[in-house]
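User: I'd like to learn how to read a protein model feature by feature. Let's start wherever you like.

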Amino acid sequence: MNLFKQFWTGLSSYWKAAQLIFSSTMWLAFVIPVMLSIGLFYSGEILTDQLRDFKFSELSDENGSEYLLLGIQFIMVYVSKFMNKYLVLALLAPLLAALSVQAEKMLTGNEYKFDFKLYINDIVRALTISGRNMGIQLMMMAVFFLVTLIYSLPDVVYQVLYFVIAFYFYGFSFMDYPSERRRLTVQESVQFTRKHWVAAFTLGAVYGALFWIPNFGLPLEPGVILAPIFGAVAGTVVVHRIVDLSKNPHAVRANKENLEAEKKPAIEEEA
């Protein structure tokens with residue numbers, strides 16, 4: 001799949017996702033991120049107000065726990081306000097995993113026997129990947145800031161670097177849901193995403209762009225409500241268009257003529 005086709009696949013997947021969501025009961029899932037949006041809004045405001053009112057002049061060098069507590073609060077505010085896209089992916093992992101399964105069923109007819117242990121593993125894997133991606137991005141940003149202490153760089157460099165890294169990792173998170181059902185290891189999923197990095201980047205770029213929708217002062221963040229659900233479904237569409245998920249031998253209703261795929265490598269090669 002060439003780069004332009006990957007770009008179009010990532011972009012058009014959101015239109016297909018909208019069709020799948022609103023032609024089924026999946027649209028009811030928006031209720032959960034609505035509640036999450038309200039919770040994140042008020043918790044972020046409470047933390048910010050506490051830091052604003054804190055009297056730093058009264059900090060005691062004898063009590064290091066105060067510095068530790070303040071540091072944790074600052075990190076929480078930074079994550080909730082500037083890395084909330086990862087936070088949302090982590091908090092909504094159980095919902096997004098289920099929506100990805102439903103989207104695949106609508107696309108291919110595939111079903112998966114419910115296994116509570118596997119479902120928990122899916123959630124843990126999604127949380128691990130979200131934490132991994134957020135950690136890598138934080139480290140890259142930290143390295144960037146260390147470089148700026150030596151070489152002065154314009155703010156636009158930071159913005160471009162931040163979004164390039166973030167968009168790729170957002171897309172990776174969404175593409176990993178169906179990749180896990182293909183029984184790819186995390187490392188195999190990383191290789192698969194790298195191979196289709198333009199599709200992942202485009203998928204993540206649209207996800208990030210949805211967070212730019214203004215909330216007009218309301219405690220409801222349109223990005224928190226719309227982006228995760230659209231992204232999870234769109235990510236399933238993207239992977240299906242790349243490898244054809246109907247050939248997944250691990251699905252209950254996979255076509256019989258495709259069961260020979262079990263003998264092939266987990267990551268299929270494209271023509």
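Analyst: Let's start with Arg-183, which is partly exposed because its relative accessibility is 40%. The cut-offs are under 20% relative accessible area for buried and over 50% for exposed, with partly exposed in between (1.4 Å probe, protein chains only). Before going on, note that this is a predicted model, in which local features need pLDDT of at least 70 and side-chain atom pairs count only at pLDDT 80 or more, while totals for chains, interfaces and linings use all residues. Residues are numbered from 1 along each chain as its sequence is written, and side-chain values use heavy atoms, with hydrogens and water left out.

User: Where is Arg-183 found, and what is its phi?

Analyst: Look in the loop between H7 and helix H8 (186-195). Arg-183 isn't a glycine, yet its phi is positive, near 65°. Asp-244 is another non-glycine residue with a positive phi, about 65°. You'll find Asp-244 in the segment after helix H10 (222-243), and with 26% relative accessibility it is partly exposed.

User: How many helices and strands are there in the protein?

Analyst: Helices and strands are DSSP runs numbered from the N terminus: helices are H or I with at least four residues, strands are E with at least two. Here you get 10 helices and 0 strands. Reading from the N terminus, the order is α-α-α-α-α-α-α-α-α-α. The protein has 271 residues, and 45% of them count as buried.

User: Now salt bridges. How many are found in the whole structure?

Analyst: The general idea is that side chains of opposite charge can pair when their charged atoms come close. The cut-off for a salt bridge is a side-chain nitrogen of Lys or Arg within 4 Å of a carboxyl oxygen of Asp or Glu. A search of the whole structure turns up 3. One of them joins Glu-104 and Arg-181, with 2.8 Å between the closest N and O atoms. Glu-104 sits in helix H5 and Arg-181 in helix H7, so this pair ties together parts that are 77 residues apart in sequence.

User: Are Glu-104 and Arg-181 buried or exposed?

Analyst: Glu-104 is buried, since its relative accessible area is 0%. Arg-181 is buried too, at 5%.

User: What about the pair of Arg-125 and Asp-176?

Analyst: Their side chains meet in a salt bridge at 2.7 Å, N to O. That pair links distant parts of the chain, with Arg-125 in helix H6 and Asp-176 in helix H7, 51 residues apart. Arg-125 counts as buried at 13% relative accessibility, and Asp-176 is buried at 5%.

User: And which residue does Lys-105 pair with?

Analyst: Lys-105 forms its salt bridge with Glu-111, where the closest N and O atoms are 3.2 Å apart.

User: Let's move to pockets. How much space lies in the largest pocket?

Analyst: On a 1 Å grid over the protein atoms alone, a pocket is an open set of points where a 1.4 Å probe fits, with protein on both sides within 12 Å along at least five of seven lines; lining residues have an atom within 4 Å of a point. The largest pocket here holds about 510 Å³ of space. It is lined by 24 residues, and those closest to its centre are Val-101, Tyr-112, Tyr-119, Asp-122 and Arg-181. Arg-181 is also the salt-bridge partner of Glu-104.

User: Which helix gives the most to that lining?

Analyst: That's H6, with 7 residues. Helix H5 (93-108), H6 and H7 each supply at least two. By type, the lining holds 12 nonpolar, 3 polar and 9 charged residues.

Technical notes: Points joined across faces, edges and corners; volume = space filled by probe spheres on them. Nonpolar A, V, L, I, M, F, W, Y, C, P; charged D, E, K, R; others polar.
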